Each structure stands twice: as C-alpha cells, then as structure tokens.
Amino acid sequence: MKLTVVGCSPAWPNPGISHSGYLVEGEGGRLLLDCGPGVLADLRQLDGGWPKVDAIAVTHWHLDHFGDLVPWVWGHIFGLGLEDAMPELWVPPRGVAQLTEFGKLFGTPDMFERVFTIREYKEGEPCAAAGFELNAYRMLHYALESYGLRVTDGDRTLAYSADSAPCDGLVELARDADLFLCEATLADSESDAKPRGHVSLEEAVETFEASGAKRLLITHRPGELPVVGGWEQATPRLQIEL
Ligand SMILES: [Zn+2]
C-alpha cells in the first residue's frame, strides 16, 4: 500500500498547499481520502491527465474536505475522464441526500450522481473500496458528524483521523495501525471551541502513543505552527510505502 499526500492544509490554505487529499494505492486500485479545494488540480498534475481513481471517500461535510468534488463534476460533464469507469464516492450516512442538497445549490440536484457511483458507509460495517477494506469510526468534531477512516489491504493498515478532537474513537481508529495520519490543527487544547473539534500536536502524540500505532504522520497543521519534537509532518507529494 502506498500513500501519497496530495494536499494537507488545515481549514484555510497554507501557502501553495491544497486542502485535504490523500491518495492510497494498492494492487486493487486507487482510493482518494477526501477531496478538498486544490486537490483536483494537484491530482491532474500527478496523473498527467484527468485523475484515474477507483473510489473517493469523504470524511465529513466541511468544505476543505470535499470542495473539489464540484469542479470534478464540471470537468467530467465537459468531457474529461469519460473513458474511465465512474469512481465510487463513499460518503457518511445520509450523504446521498446531502449531496442532492449541495447539487441544488451548486448546479443540479443530480450533478454528483451523474459522475460518481455514490455509496454511504456506516460505522461498524466494513466496506470494499478500490480493493481496500474501509472502516469508518465516528470522531468528535464540533456538532458535526465526522468519520475517521481505516484503510487496510489485509496486510497493512492506514488510519486517517480526518478532523477530530481527542476521543476514544480516535484511539480505536489508530489501534495498532502501520501509519496513523493525524491532524494537529491547534496550538493547544485551550484554543478549541465547545464542543471540541480538533487536537493539538501534543494530543495527537498522546493519541498515537495510546493506540499502539507504529508510525505517526502529522497533517492539517497551520503553517504558523511548526511541528516540534521531531515528529514527521505531511508535505505535498510525500510518498510512504507501508
Ligand atoms: Zn472539519
């Protein structure tokens, strides 16, 4: 399994860096985790054409995690990627209805289903996406329904926090994973809202240590907050073979 960081900015962009987007490739296919603004342009550059992905999985409905699904639709409708099979689009529970609402605002109610085969994942029910097994874990992210995603090929496992405050689900998501890709948006735990929505670097490390995961990769970190302590940090085009 190979991870390529496409974009790794927090909810506002670090200079020159796209929002959330992580490409996971295996023998069975290519899976994109989140598709925030800028990710489509980066993927086009990486792939040398219209992106070829078998599935996209969206963790939650904050724009920095799904915004580029909209231009993805327009590119397809204007003739790009027509020779490829429709990518699956895995979304949180009730996501089909949510996409219809977004469609009414951004174009047409059916715009997303014209381009993607849309499926809803559910916590506790593994699903198959791009040759991987995908498991969703409920996170704590303000009052919004958000999911961390665990991707495995039966041998190696990647755990992706998406956005979450410290919670038991975050530890379980990362449990014994080969790589824990974890956000660290906050300067400290005091700078969060109520209910909480993100973790600090210190809390990301605490979660990692409690989980038994083998390797930690920090992401979704504001450029103004350096990652201290020698922890690895996601950068665009960083590739990790698991
Ligand atoms: Zn979010």
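Visitor: Hi! Before we start, what kind of model is this, and how are residues numbered?
Guide: It is a predicted model, in which local features need pLDDT of at least 70, side-chain atom pairs count only at pLDDT 80 or more, and totals for chains, interfaces and linings use all residues. Residues are numbered from 1 along each chain as its sequence is written, and side-chain values use heavy atoms, with hydrogens and water left out.

Visitor: Great. Which residues hold the zinc ion?
Guide: The protein donors are His-60 through NE2, His-62 through ND1, His-141 through NE2 and Asp-163 through OD, at 2.2 to 2.3 Å from the zinc ion. Donors here are N, O and S atoms within 2.8 Å of the metal (3.2 Å for Na, K and Ca); water is not among the atoms, so sites may look incomplete.

Visitor: And what is the geometry of the zinc site?
Guide: Irregular, with angles of 85 to 164° among the four donor atoms. Four donors count as tetrahedral if all angles lie between 85 and 135 degrees; four count as square planar and six as octahedral if opposite donors are over 155 degrees apart and all others between 65 and 115; anything else is irregular. For reference, ideal angles at a metal are 109.5 degrees for four tetrahedral donors.

Visitor: What spacing do the zinc donors follow along the chain?
Guide: The spacing reads H-x1-H-x78-H-x21-D. His-141 sits in the loop between strand E8 (132-138) and strand E9 (147-152), and Asp-163 in the loop between strand E10 (157-160) and helix H5 (168-174), so this pair ties together parts that are 22 residues apart in sequence. Helices (H or I, at least four residues) and strands (E, at least two) are DSSP runs, numbered from the N terminus.

Visitor: Are His-141 and Asp-163 buried or exposed?
Guide: His-141 is buried at 1% relative accessibility, and Asp-163 is buried at 2%. Buried means under 20% relative accessible area, exposed over 50%, and partly exposed in between (1.4 Å probe, protein chains only).

Visitor: What about Ser-161, where is that?
Guide: Ser-161 is in the loop between E10 and H5. Ser-161 is buried at 0% relative accessibility, and a polar atom of its side chain lies 3.0 Å from the backbone nitrogen of Glu-183.

Visitor: Switching to charges: how many salt bridges are there?
Guide: The count comes to 15, where a salt bridge is a side-chain nitrogen of Lys or Arg within 4 Å of a carboxyl oxygen of Asp or Glu. Among them, Arg-30 pairs with Glu-25 at 2.9 Å, N to O. Arg-30 is buried, at 18% relative accessible area.

Visitor: Which residues make up the network with Arg-30?
Guide: Lys-2, Glu-25, Arg-30 and Asp-47 are linked in a network of salt bridges.

Visitor: What does Arg-215 pair with?
Guide: Arg-215 bridges to Glu-232, the closest N and O atoms being 2.8 Å apart. Arg-215 lies in the loop between H6 and E12 and Glu-232 in strand E13, so the pair ties together parts that are 17 residues apart in sequence. Arg-215 is partly exposed at 31% relative accessibility, and Glu-232 is partly exposed with a relative accessible area of 31%.

Visitor: Now the backbone. Where is the cis peptide bond?
Guide: The bond from Lys-194 to Pro-195 is cis, with omega near -5°. Pro-195 is in the loop between strand E11 (179-183) and helix H6 (201-211).

Visitor: Which residues other than glycine have a positive phi?
Guide: Asp-176 is one of them, with phi near 60°, and His-220 has a positive phi of about 60°. Most residues other than glycine have a negative phi, and most peptide bonds are trans.

Visitor: Where do Asp-176 and His-220 sit?
Guide: Asp-176 is in the loop between H5 and E11 and is partly exposed at 47%. His-220 is in the loop between strand E12 (216-219) and strand E13 (232-233) and is buried at 1%.

Visitor: Last one: which residues form the nonpolar patch on the surface?
Guide: Trp-74, Ile-77 and Phe-78, with about 330 Å² of accessible area together. Ile-77 is in helix H3 (residues 69-77) and is partly exposed at 31% relative accessibility. Patches are made of residues with over 30% relative accessible area and no salt bridge: like charges are joined within 9 Å, nonpolar side chains (Val, Leu, Ile, Met, Phe, Trp, Tyr) within 5 Å. Accessible areas come from the Shrake-Rupley method with a 1.4 Å probe; for residues, only the protein chains shown count as cover.

How values were computed:
A polar contact is a pair of N or O atoms within 3.5 Å; within protein, one must be able to donate a hydrogen and the other to accept it, and residues adjacent in sequence count only if both atoms are side-chain atoms.
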